[in-house]
Amino acid sequence: MRPKASRCSSITSGERASPCLPMSRLVHSFAFRWALAIALWSTLLSLLLFAFVYWQTAAFMQDELAQVLRHKAHYAAREPAKAVNRIETWISEDLHSVHFAGLFGADGSKHAGNLDARPPSLPVDGEVHRIGAQVAIAGRRLNEELWSAAVALNDGSIVVVAHDTDEIDRAKATVIRALGLALVPTLAFSILGGVLLAGRAKRRLASTEAAVARVMRGDLRQRLPVGEAGDEFDRLARDVNGMLAEIERLMEEVRGVGDAVAHDLRTPLTRLRLRLERGRDQARDIKELRQAVDQGLVWIDQTLDMVTAVLRIGEIEHGRRCAAFGPVDLRLVVSEAAELFEPLADEKGIALGIRIEGEESAVRGDRSLIFEAISNLLDNAIKFTPTGGRVEIGLARRDGVPVVSVEDTGPGIPADERNHVFKRFYRAERARQTQGNGLGLGLVAAIAKLHRFPLSVGDSPHGGCRFEMACPEAERHASVTG
């Protein structure tokens, strides 16, 4: 007979905790610790509140009694002839045998009252003190704890007025008992509130854990749940969702780059192999063999250029070139780029114009990278502009920010493709027959991102497209070293 499987063994990481959940795991859970912390904190606050109430109540009752005793003592001592009557009145008003008084001579003899003798430890200062004394209650002599005040008369006699401490002690005991009874439901409700709050937080964490588990299994489209409260959990979830979106974008880009690299490398490598085979089998002399090798070297150089461009984009995107940042004169960089590509434009029959407005435009960045970005924009414009067209590079200020622009009279870029032209290896359909590998604008985008230069593409007034690279946070320098 096969033994029955334990329910605990069937619990997986994605299931809810069952009654078989180990006690140690429950104790170390966030919900348990949160509930316990809330309960302890609430209990501590309740104890402090109860202690304050007890202290204020006891102090109030003692102050009230002290004021009464001081008033009665001074009232009885104010007129010695009436002291006895006033003492007897104080005693006769007592219905619960808690009022005590006495009039004693200078030699300590008793003249009136229900106190047998003046307490020897009671100072004659008119203030209230707690002392022990012998009193007469219902014909019996008892030792009692009294709140007492003593005042001296003009003839040397001493008036003592006292009150039993039992009433205040009972009131204190009642307050302590009431506070103690209130502490139990306070603690119970605190624990219940902590459990409810912890359960709510645990449900949010459970949904977050489930989403994270799906992400760990490869579902990068998964996002953490975001509530409407806008609290710390929601802000954290939004930040994590932003991070997941960026990771998904990068992974898609990596997959796209991998496919594009494989596709673009396959063609030159296939050509190289066929060329070498043909040269090996069909070459009739050393000259034809060298021609085959030279053509193969050209294709190898194209392949190496592609790999180098990919590595260079990765290096720039990781910010490894920030150490070379320094002041850069955009006027000089734009002029040099236009001068470099002027022969190529003339060879193709394209007019290359340059328009620089304003005075010095100095920014902080890597001069060689900025020059390379502008050169790639010019090369791209010349490549797609037909013979007889025009390419213009400009530098102007817009709202105080230098803006480098390159526009042409070529076929332009459709609006639905403008968000993709800066991706690596992306080539529009009309560009498939043009030489290149789709890395030029990707390199420009990486350089612009490194420098935090906004990059955009739109329509040119002349019918082609217009690339703009703004340079915010421009800094003026007294002297700029190119």
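The side chains of Glu127 and Arg70 form a salt bridge, with 3.5 Å from N to O; the term stands for a side-chain nitrogen of Lys or Arg within 4 Å of a carboxyl oxygen of Asp or Glu. Arg70 belongs to helix α2 (residues 30-78) and Glu127 to the loop between β2 (110-113) and β3 (128-137), so the pair ties together parts that are 57 residues apart in sequence. Helices (H or I, at least four residues) and strands (E, at least two) are DSSP runs, numbered from the N terminus. The structure holds nine salt bridges.

The model is predicted: local features need pLDDT of at least 70, side-chain atom pairs count only at pLDDT 80 or more, and totals for chains, interfaces and linings use all residues. Residues are numbered from 1 along each chain as its sequence is written, and side-chain values use heavy atoms, with hydrogens and water left out.

A nonpolar surface patch of about 580 Å² consists of Leu276, Ile286, Leu289, Val293, Leu297, Ile300 and Leu304. Patch residues have over 30% relative accessible area and no salt bridge, and nonpolar side chains (Val, Leu, Ile, Met, Phe, Trp, Tyr) are joined within 5 Å, like charges within 9 Å. Accessible areas come from the Shrake-Rupley method with a 1.4 Å probe, and for residues only the protein chains shown count as cover. Helix α6 (residues 286-317) gives the most to this patch, six residues, and Leu304 lies in that helix.
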